[in-house]
Amino acid sequence: MIIIMRPKAPQENIESVIEYIQSRGLKAHLSQGEMVAIIGVVGDKTRLDNQNIELLDGVEKIMPVTESFKLSNKKFKPDPTVIDIGGVKIGGGSFVVMAGPCAVEGKDVLLAAARAVKDAGAAILRGGAYKPRTSPYSFQGLEEQGLKFMAQAREETGLKIVCEVTSQQAVETAANYVDILQIGARNMQNYELLKLAGRTKIPVLLKRGLSATIEEWLNAAEYVMSEGNDKVILCERGIRTFETSTRNTLDISAVPVIKEKSHLPILVDPSHASGVRKYVSALSMAALASGADGLMIEVHPDPAKALSDGPQSLNPSDFKLLCEKLRPVAKLIGKEM
Ligand code: PEP
Ligand code: MN
């Protein structure tokens with residue numbers, strides 16, 4: 001449930017409501033708007049007496065939150081969450097572009113990719129060091145050495161870095177290097193991994209599971225947030241449908257649905273959604289128009305030689321062209337890119 005305070009309720013009223021909730025063994029999450037403070041309550045509601053709360057000074061009303069996700073729920077926090085990663089803002093009025101190779105393959109290829117995406121206007125470099133491949137015989141990633149190359153690329157270009165983690169050991173190692181931990185589609189419901197990522201307090205990019213509903217996805221975000229990490233970035237990357245022309249089906253409607261249900265930023269990954277390079281540009285434009293907060297795009301200096309996901313990777317010049325197409329549209333709809 002949420003407790004809505006009266007407009008401009010004094011700080012001491014807000015504090016006593018929070019104290020009351022905590023004294024009953026529940027958790028209180030304050031969302032302080034310009035006029036109105038909203039206190040979200042998580043825990044066993046049977047320990048609370050709603051009538052008592054309504055009598056506390058400054059309380060306007062109490063409303064139930066029927067959805068199973070609470071901290072990620074827009075009712076708990078009406079204002080959009082903006083995650084600031086060393087000056088790179090994700091959410092709110094900005095449109096962030098993350099780009100880079102599917103996998104970190106080696107230092108030189110990675111640096112070439114990093115320079116190219118930086119030059120085109122990306123703010124964040126992506127690159128997998130732990131690759132969850134469909135076949136155990138495919139390239140599995142360079143692990144810690146890959147993270148070291150990513151950190152070197154950050155050093156050289158000033159780009160922030162995001163890498164996927166697939167295990168407890170990967171979380172512990174990656175926490176020493178990355179700006180954003182990525183939880184991939186295949187691990188969206190790996191609850192132990194979500195909790196571990198939550199405990200690091202490092203921003204988490206949470207991809208939608210291959211066949212996850214939006215509600216399941218927001219509950220996965222809730223696992224990260226319930227560990228005290230409210231820096232969750234959602235990423236729609238296509239879902240499994242009967243369609244075979246594309247690798248997955250980009251669920252563009254997830255963007256406005258998430259915007260209605262949650263305050264968390266949402267990005268779109270048109271590369272994994274389509275699996276086909278020639279569709280990436282159109283889907284990126286659709287993502288921007290739909291209200292997404294940014295993109296994650298696979299870019300490789302020489303896609304034909306990529307060790308993974310070459311067919312969906314853009315080359316540097318196509319990526320640059322795409323950024324040039326996105327920029328005026330972003331400006332037109334009031335997004336900073
Ligand atoms: C990735 O971004 O490298 C990746 C494996 O994507 P997904 O988890 O969406 O399949
Ligand atoms: Mn990939």
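Helix H1 (residues 11-23) lies across strands E1 (2-5), E2, E3 and E4, running at about 155 degrees to E2; contact here means heavy atoms within 4.5 Å. Axes are lines fitted to C-alpha atoms, for helices over the stretch in contact, with angles from 0 to 180 degrees between N-to-C directions. Helices (H or I, at least four residues) and strands (E, at least two) are DSSP runs, numbered from the N terminus. This is a predicted model, in which local features need pLDDT of at least 70 and side-chain atom pairs count only at pLDDT 80 or more. Residues are numbered from 1 along each chain as its sequence is written.

The open sheet has 4 antiparallel strands in the order E2-E3-E1-E4, two strands being paired if DSSP finds at least two bridges between them. Because E2 (27-32) and E4 (59-63) each have a single partner strand, one side of each lacks a neighbour in the sheet. E2 is joined to E3 (residues 37-42) by 6 bridges, and Leu30 stands opposite Ile39 in E3.

The manganese ion (ligand 2) has four protein donors, lying 2.0 to 2.3 Å from it. Donors are N, O and S atoms within 2.8 Å of the metal (3.2 Å for Na, K and Ca); water is not among the atoms, so sites may look incomplete.

| Donor residue | Donor atom |
|---|---|
| Cys102 | SG |
| His272 | NE2 |
| Glu298 | OE |
| Asp309 | OD |

Their spacing along the chain is C-x169-H-x25-E-x10-D. Cys102, in the loop between E7 (96-100) and H3 (107-120), and Glu298, in E14 (residues 294-298), are 196 residues apart. Both are buried, that is, under 20% relative accessible area (1.4 Å probe, protein chains only).

Notes:
Chains are lettered from A and ligands numbered from 1 in the order in which they are written. Side-chain values use heavy atoms; hydrogens and water are left out. Buried means under 20% relative accessible area, exposed over 50%, partly exposed in between (1.4 Å probe, protein chains only).
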